[in-house]
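The following note sets out points for a colleague who is reading the model alongside its sequence. Each numbered point takes up one topic.

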Amino acid sequence: MLCAVDGTTPETCSECGFDSTSWRVRDAVSVLGALGTWWGLATQGIPTVELNTRPGPGVWSALEYGVHSALVTAVLRGGIEAILAADGVALPAPPQGGNADEDQGAAELDPARVVGDLQREGTALARLAHDAAPEAWAHVGQVPDGRVQAGAALFHAVHDATHHQMDVGRGLAAIGAGTPAHEGRVVRINSSQGGVPKREVRHGAIGHRGLTGDRQADVKHHGRPFQALSLWSAEVIEELAAEGHPIGPGCAGENLTLSGVDWTTLRPGTRLRIGTALAEVSFPATPCAKQTRWFADGDFTRIDHDRNPRWTRWYAWVREPGEVDPGDAAVVQPKPE
């Protein structure tokens, strides 16, 4: 909730890899505005009973996490709005959060309603952040245990929402819901100093910000923490090439070309142990006009998720840095270590 975060000390998390210094306001606007999208894709097609199943004692179900995330986003929005409007404003003590009650079963929640709540609250906070004057992010509010800087509070909201996305992905995997466990391999590692195609490299060091040495020419639409890695399927590339399109690994900008992964099963929250790194699927990558040349008819929208989900490229967080080489395993939904 809205506790003391004065902005002088970066907010970091060793569990999910969050680092507030890696975020810009516009990055926060993007991820919060897509909160409902993430939840809709992550839960799509999973039976309601499984979404209401707790993976273990004292651990919330996916939908309980959703209710909590929507509530926290709403509370933080109220505090941030007050701070942006009046520097030095006094704020009430934050409400106390809770954990899953081991003596009670999981609540029976409606997925559509929970996703709708998340979309509404995420969109509202994203709109507030988008419209705020840049200088207002330095405003502070006063809470009983200290000071709250508006910018630090916004990034705390991002951390809370995205950390719980990780929790949900792990929980669904633990009960065998969503993406099934299986294994593929790394066919190619691709990097560039900006633009496409990305060229093959023989080894990759992967950090929380992505593949070391890789750059994005367009930092307006790329380079956000949830876009740390771009993943694509070797089988999809082969299928497109067989249709006569002049496309190959790295052409569409993926960092890692993977083979043997059932691309139709991937969804936000899916975890992949790629080499020694741990990645987590975040959002579909939206194709742009720079990919026109890789398609015989110029229609790059054929790989847009809304049009053809099985051909989409996926962005991923890096939850654990590591090393990767061609031929390494790409283990989908790995068992916890």
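**Notes on the model**

1. F226 lies in the loop between β7 (210–211) and β8 (229–233); helices (H or I, at least four residues) and strands (E, at least two) are DSSP runs, numbered from the N terminus. The structure is a predicted model, in which local features need pLDDT of at least 70 and side-chain atom pairs count only at pLDDT 80 or more, while totals for chains, interfaces and linings use all residues. Residues are numbered from 1 along each chain as its sequence is written, and side-chain values use heavy atoms, with hydrogens and water left out.

2. F226 has a relative accessible area of 6% and is therefore buried; buried means under 20% relative accessible area, exposed over 50%, and partly exposed in between (1.4 Å probe, protein chains only). Leaving aside neighbours within four places in sequence, F226 is in contact with W23, D27, S30, V31, S282, F283, Y315, A316 and W317, where contact means heavy atoms within 4.5 Å. F226 and T162 are 64 residues apart along the chain, and their C-alpha atoms are separated by 9.2 Å.

3. As to the overall fold, the chain has seven helices and 14 strands. Its radius of gyration is 20 Å, close to the 20 Å that the globule rule gives for 337 residues, so the chain is as compact as a globular protein of that length. The radius is taken over C-alpha atoms, and the rule is 2.2 Å times the number of residues to the power 0.38. Along the principal axes, the C-alpha atoms fill a box of roughly 65 × 45 × 35 Å. Among contacts with a separation of 6 or more, 77% are accounted for by residues 24 or more positions apart.

4. Of the 337 residues, 53% count as buried. The accessible surface comes to about 14,600 Å², and 52% of it belongs to carbon and sulfur atoms; such areas come from the Shrake-Rupley method with a 1.4 Å probe, and for residues only the protein chains shown count as cover. The chain carries 29 positive and 41 negative side chains, with the centres of the two sets 7 Å apart. Lys and Arg count as positive and Asp and Glu as negative, without His and the chain ends; the place of a charge is NZ of Lys, CZ of Arg, CG of Asp or CD of Glu.

5. Which residues have the most contacts inside the largest nonpolar core? They are W23, L32, W39, I80, L84, W137 and L154, in a core of 52 residues. A nonpolar core is a set of buried Ala, Val, Leu, Ile, Met, Phe, Trp, Tyr and Cys residues joined through side-chain atoms within 4.5 Å. At least two residues of this core come from each of α1 (25–33), α2 (35–43), α4 (62–85), α5 (111–131) and α6 (150–174), and α6 gives the most, with 10 residues. Beyond its neighbours within four places in sequence, L154 is in contact with V25, A28, L32, I80, L125, A129 and W137. Apart from this core lies another, of 36 residues, including V196, V236, A252 and V261.

6. Helix α2 is mostly covered, with seven of its nine residues buried. These are L35, G36, W38, W39, L41, A42 and T43, and they pack against α1, α3 (48–51), α4, α5, α6 and β11 (277–284). Just after α2, G45 takes a positive phi of about 80°.

7. G253 sits in the loop between α7 (234–242) and β9 (256–259) and counts as buried at 11% relative accessibility. From G253 to G151 the C-alpha distance is 32 Å, at 102 residues apart in sequence.

8. A277 is found in strand β11 and counts as buried at 3% relative accessibility. Neighbours within four places in sequence aside, A277 is in contact with I206, L272, E320, P321, G322 and E323. D117, in helix α5, counts as partly exposed at 23% relative accessibility.

9. One backbone angle may be checked in the view. Q333, in the segment after β14 (329–332), has a positive phi of about 55° although it is not a glycine. Q333 counts as buried at 12% relative accessibility.
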